[in-house]
Amino acid sequence: MSVKPAGQERRAKPRAGALESALSALSHRYGEGAVRAGAPPPLQGLATGVSALDGLTGCQGLPRSRISRLLGKPSSGALDLGLALAAKASQSESVALVDFTLEMDPGAVEAYGGELDNFWLVRPRSSEEGWAAARALAKAGVGLCLLVADDWSGLTPGAAPAALLAALSEGAGAGLVLGGGRIPAALKERICLELECWHLDWSWAHGDICGLRTEVQVSRSHLGAPGASCQLQLNFPRPYPLRIGLQESVAIGDEELAAEPLPQAAGSRR
Amino acid sequence: MSQSRKARLACLTFSHLALVLVWRAHPELKQEPVLVGSQGPGGRQVVMAASAPAWAQGVRPGQDWRRAEVLCPLGARLSADPTALTELRRSARLALAACSPLVEWGDDASAYVDLAGNDPLRPQEGLRAAQCGRAIEEALGVTPSVGVGPSRFSAWVAAQRADPGRVRLVPEGKAAEFLANWPVTELPIPPQVAERLVQFGLHTCGDCASITMAELQRQFGPDGILLHRLCRGQDSAGVDPWREELPCGVRRVLAGGVDDSESLRFGAAELARGLAQELSRQGQAAGRIRLLLHGEDETRHSTQADRQLWWGEVAPPAPMATADELMGPLLSLFSKARLLAPVTVVELEAFDLVAPPVNQIGLWQGRAADREVIKRAVDRLHDRFGTGLVWRVEVRPGHPGDVPEERLVWSSR
C-alpha cells in the first residue's frame, strides 16, 4: 500500500464541474468552437447502390479518402462486383480504372449501366506510370479510383500507396484495389477495408449461366469489427432470352437477395 | 485576355420603336414631323424619339419637351404606350436572337449582333447581316441600315453610311482606312476633346490615326486612348448579349392555414431548393427575389390582389443561383412578413435574371471537382508520359463486333 502526499492527492482530484466551467468560460470569451473535442470527423462513404453492402462497411459505402480491397478466388464474383461498383459510381461521379492487366474491357462498365462519359481508363506501360496516373486522378477529384492487377507482388513501389492515400484524402475519392496474388506490405498496411467474395452457386437460365450468388464478407476493417457478411445475387449484364414464367434478371447491383449478418470470423468459413 | 477569334459585328440602325408604334397607329404621319415624349429624370417630360423631319428642325432625343415644341411647333406631339413598346421590343429581340445567340439591344433604335460564329447555311457574313436586317424588317415593319465591321464603332459608322435595306461591310484590316474621313466631332468622345482636336487642326479620324497613342494620352488622358482606338477601329469588339427573362418561380400550397411566421420559415429551405432547381434548369441566377403570401379566406376577398396577404422583395449585392445563396435573403423576407390571416399559398419569384456567377463549389470536398480539373490532370499525365496512357471510350454505333477495340471508340485526348 502506497501513501501519497496530501498535496498531490488534492491535485489529482479536480473540483467537480471545474472542466465544464472552464470550457464554458473559454467559449464565452473566445466564441463557440474555440475548444473542440478531439474526435475525428465521421468518415464518408461512396454509396454502392446495395444497402446490404453499404451496411457492411461502417460508413455507408466504400470509405472515401481510404483504400479498400476487393478480393476473392477466380469466379467468386469479385471482379464483376468491382466493375458493377465502378459502373454505379460513374453514374454520379468520375471514375478512373487503372488497368495494370491491360486486358480489361471498359465496355463492361457501360454494360453494367455505367456512364462512359465519367469514365477514365488508364493503361500504364509500367507500374510507376500506373501509380502516378492513379495519384494524379485521385488528386484531381475522381470519386472512385479502381486499380486492377493480376498479381500485385512486384507492382507496387514502396511509397506509391502512401502517396495514393494522400491524393485520395485531398480529392475525397475512394480507392479500390482488385486482384490476387500476394499484396506487398507497403500496400497492405494502407488498406482500410477488405471485402472478400465467396462463390455460393451459379444462376441458370434455360441452360446458360446468367449470374452467380456470392457472399461478401468483411475480412479486415479499420472501421469496425470484421466478420459481417451479406449475400448478393450478381446477374451478368449480357441480355439472355428468358422463358415464359421466369422472372427477368436484372443487372448486378440493382437487386439484392439477402443480407444476413454472419457473426463468425472470416477464416472459419471454409 | 487574348482574343483568339476575329471579331465581326453587325450594327443595325432603324427608326425608334416609339416612332414605329406611332406610325402603326397613324400611318398618315409617316412623312410628318413627329415628337414622342416620355417622362425623364425628375418627372419632367423629354423627347424620346423624333422623326426625320423633326430631326431636321433640331429636335433630338433627350431634349426638354418645351424646347422641342419651340423648335418644331407644327410637329405632332404624342406619347408611346409603355406596354406596347415593351412587347414590340421583345418581338424585335426575339427576331434577332433567331439569327445569332449574341445580340445586344441598343437604345430602341439600334442593335448589335455578333457575326463571328459559324453558320454553315450562310458562310458569308454579308448574308448573315442581311438575314438580321430582314428579321428586323419583318418584326418592326421598317427597313434598317446594316453595317458590319471589326469593332462596334466601325460597324456603327458603316451602318450610318449604308442606305436603308443595304449592308455595308468594312473589310478586315481596313477599318482605319474606312474611318479616315469620319469627322472627329461625330466621335463618341466628350465634346471638349473634339473641340480641342479641331483647334489642333485634327478634323478627321485619319488625322488622329497618324498620332501615337502616347501623344494622345498625354494631351487628353484616358480620352486619348479611347480616341486612338476609335480612329483605328480597335474599340470594343464584344457585345453584351441580351437574354430573355423567362418566368421563374415556385408556388407551394400549405395544408391548412398557417398563421405562424416561425412555421413558415421552416418551409423556406424547401422553397429555396425549388427555386434553385428552376434557376438551374434555365441556367440563370436571380438578381432579385419576391416572396408572396396568400391568404386563406377566399370568400371574404374577391380578387387575387386582395388575397395577397403580404409581399416583399430583396435584391442582394450578388446574383443568387443556389439554394444556399437564396436561403439568407429568403429568411430575411420571412422575418419581415406580417401575417394578418392564415397563409395557404407561398410563392417565390425570381427577377433580374442574369448568367450565374462562377462559383467555387465544394472547396473542401474534392469529389465536387468537375471534369475540367480531371482533364487538366490527364493532360499533364500525357505531357509527362506521352499519349496512350489515359483513354476515354465510347460505344461505337452499330455494335460492329465483340472485341473492345472494334466495339468502342478509343480516344486519348
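User: Which residue in β13(B) is the bridge partner of A:Leu121?

Analyst: In this predicted model, β5(A) pairs with strand β13 (residues 390–395) of chain B in the antiparallel sense, over two bridges. Two strands pair if DSSP finds at least two bridges between them. Strands (E, at least two residues) and helices (H or I, at least four) are DSSP runs, numbered from the N terminus. In β13(B), the partner of A:Leu121 is B:Trp391.

User: What pLDDT do local features need in this predicted model?

Analyst: pLDDT is the predictor's confidence in each residue, from 0 to 100. Residues are numbered from 1 along each chain as its sequence is written, while chains are lettered from A and ligands numbered from 1 in the order in which they are written. In this predicted model, side-chain atom pairs count only at pLDDT 80 or more, totals for chains, interfaces and linings use all residues, and local features need pLDDT of at least 70.

User: Which element gives the most to the side of chain A that touches chain B?

Analyst: The contact takes 25 residues from chain A and 22 residues from chain B. Contact means C-beta atoms, placed from the backbone, within 7 Å. On chain A, two or more residues come from each of α5 (107–111), β5 (119–122), α6 (127–140) and α7 (160–171). With six residues, the one that gives the most is α6(A).

User: How are α13(B) and α15(B) placed to each other, parallel or oblique?

Analyst: The axes of α13 (268–282) and α15 (323–336) of chain B come within 9 Å and cross at roughly 135 degrees. Axes are lines fitted to C-alpha atoms, for helices over the stretch in contact, with angles from 0 to 180 degrees between N-to-C directions. Under 35 degrees counts as roughly parallel, over 145 as roughly antiparallel, 65 to 115 as roughly perpendicular and the rest as oblique. The two helices, α13(B) and α15(B), are therefore oblique.

User: How many charged residues are in the contact of α13(B) with α15(B)?

Analyst: Among the residues that meet are B:Leu271 and B:Leu275 in α13(B), and B:Leu330 and B:Phe334 in α15(B). Ala, Val, Leu, Ile, Met, Phe, Trp, Tyr, Cys and Pro count as nonpolar, Asp, Glu, Lys and Arg as charged, and the others, Gly among them, as polar. By class, the contact has twelve nonpolar residues, no polar ones, and charged residues numbering one.

User: In β7(B), what is the bridge partner of B:Leu12?

Analyst: Five strands of chain B form an open sheet with mixed pairing, in the order β5-β6-β1-β7-β8. Its edge strands are β5 (103–105) and β8 (167–169). Five bridges join β1 (9–13) to β7 (145–149), which run antiparallel. In β7(B), B:Leu12 has as its partner B:Val146.

User: Which residue in β4(B) is the bridge partner of B:Val36?

Analyst: An open sheet of chain B has three strands in the order β3-β2-β4, with mixed pairing. β3 (45–50) and β4 (76–79) each have a single partner strand, so one side of each lacks a neighbour in the sheet. β2 (34–39) and β4(B) pair in the parallel sense over four bridges. In β4(B), the partner of B:Val36 is B:Leu78.

User: Which element of chain B has the lowest mean pLDDT?

Analyst: Chain B has a mean pLDDT of 82, and 87% of its residues reach 70 or more. Over residues 298–305 of chain B the pLDDT is below 50. Among the elements of chain B, β1(B) has the highest mean (92), and the lowest (50) belongs to helix α14 (residues 304–307) of chain B.

Definitions and conventions
Contact = placed C-beta atoms within 7 Å.
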